[in-house]
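Reader: Hi! Could you walk me through this model, starting with the packing inside and then moving on to the helices?

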Amino acid sequence: MKFKMAPNSLFAILLRSPWWMSIGLAAAIALVARAALPENLFTVGALAGFPFLVIGAVAGWRQFKAPSASQVAATLDKARAMAWREFAATVEQALRRDGHTVTRLDGPAADFAVVQGGRTMLVSARRWKAASHGIEPLRELHAATAARDASESLYLALGDLSDPARRFASQNQIRVLQGAELAGWLAA
């Protein structure tokens, strides 16, 4: 079974935050331990900050490897300039690179059925160029996911999601890939 961290846990939030925040939290824990604990317990109290040091190191490594803002903008501009066939081939290549078995679908709600480890995920990418995404394509993807008994949904978008669409995606566990995360995934 693969471990999946809750998206709003403290560690998940710190992994998405700048690396120095986790390091600062570890230092703050050490300072509190120095001030509040007797000398013989200081080391034990300071070690409570060790997980935050590890999270800071992981976040720093991820941020070091992440593409720059100009690279993200160039990748997103390149994706906007692509025709559907080229974009679909790029998405399919990225999915296969991640170890998925990919089947193209010819429906309005989902463009790819992706299987890995016995789990099926539906991917919707056809409306990737839209400047703004409403709730309707997400509803269609959610219905297709339920109809095919898939365990996950992924929606790719270059534009922004409306607030109702973002809430719907969150409530129905639809993963939305956009912006820097989408650019990093396509360019990797």
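Reader: Which residues does Val-123 touch, not counting residues up to four places away in sequence?

Author: Val-123 touches Leu-95, Ala-110, Asp-111, Phe-112, Val-114, Leu-154 and Leu-156, leaving out residues up to four places away in sequence. Contact here means heavy atoms within 4.5 Å. Before we go on, this is a predicted model, where local features need pLDDT of at least 70 and side-chain atom pairs count only at pLDDT 80 or more, while totals for chains, interfaces and linings use all residues. Residues are numbered from 1 along each chain as its sequence is written, and side-chain values use heavy atoms, with hydrogens and water left out.

Reader: Thanks. Where is Val-123, and is Val-123 buried or exposed?

Author: Val-123 sits in strand β3. Its relative accessibility is 0%, so Val-123 counts as buried. The cut-offs are under 20% relative accessible area for buried and over 50% for exposed, with partly exposed in between (1.4 Å probe, protein chains only). As for element names, helices (H or I, at least four residues) and strands (E, at least two) are DSSP runs, numbered from the N terminus.

Reader: How far apart are the C-alpha atoms of Val-123 and Leu-95?

Author: They are separated by 9.9 Å, with the two residues 28 apart along the chain.

Reader: Which residues touch the most other members of the largest nonpolar core?

Author: Phe-87, Val-91, Leu-95, Phe-112, Val-123, Leu-156 and Trp-185 do, in a core of 24 residues. A nonpolar core is a set of buried Ala, Val, Leu, Ile, Met, Phe, Trp, Tyr and Cys residues joined through side-chain atoms within 4.5 Å.

Reader: And which elements give two or more residues to this core?

Author: Those are α5 (69-81), α6 (84-97), β2 (112-116), β3 (119-124), β5 (152-157) and α9 (179-187). Helix α6 gives the most, with five residues.

Reader: What does Leu-156 touch?

Author: Not counting residues up to four places away in sequence, Leu-156 touches Val-91, Val-123, Ser-124, Ala-125, Trp-128, Leu-177, Leu-182 and Trp-185. There is also a second, separate core of 17 residues, which includes Ala-109, Ala-110, Leu-122 and Ala-165.

Reader: On to the helices! At what angle do the axes of α2 and α4 cross?

Author: The axes of α2 (residues 19-36) and α4 (residues 50-65) cross at roughly 165° and come within 7 Å. That makes α2 roughly antiparallel to α4. Axes are lines fitted to C-alpha atoms, for helices over the stretch in contact, and angles run from 0 to 180 degrees between N-to-C directions. Angles under 35 degrees count as roughly parallel, over 145 as roughly antiparallel, 65 to 115 as roughly perpendicular and the rest as oblique.

Reader: Which residues meet there?

Author: From α2 there are Trp-19, Ser-22, Ile-23, Leu-25, Ala-26 and Ile-29, and from α4 Phe-52, Leu-53, Ile-55, Gly-56, Ala-59, Gly-60 and Gln-63. By class, this contact of α2 with α4 has nine nonpolar, four polar and no charged residues. In that scheme Ala, Val, Leu, Ile, Met, Phe, Trp, Tyr, Cys and Pro count as nonpolar, Asp, Glu, Lys and Arg as charged, and the others, Gly among them, as polar.

Reader: How do α7 and α8 pack?

Author: Helix α7 (residues 136-147) and helix α8 (residues 163-171) pack at an angle of about 20°, with their axes 9 Å apart. They are therefore roughly parallel to each other. Leu-138, Arg-139 and His-142 in α7 meet Ala-165, Phe-168 and Ala-169 in α8. That contact of α7 with α8 has four nonpolar, one polar and one charged residues.

Reader: What about α5 and α9?

Author: Their axes are 9 Å apart and the packing angle is about 80°. That makes α5 roughly perpendicular to α9. Val-72, Thr-75, Leu-76 and Ala-79 of α5 make the contact with Gly-179, Ala-180, Ala-183, Leu-186 and Ala-187 of α9.

Reader: Last topic, backbone. What is the phi of Asp-149?

Author: Phi of Asp-149 is near 55°, a positive value in a residue other than glycine. Asp-149 lies in the loop between α7 and β5 and is exposed, with a relative accessible area of 70%. Gln-173 also has a positive phi, of about 55°, although it is not a glycine. Gln-173 lies in the loop between α8 and β7 (174-178) and counts as exposed at 63% relative accessibility.
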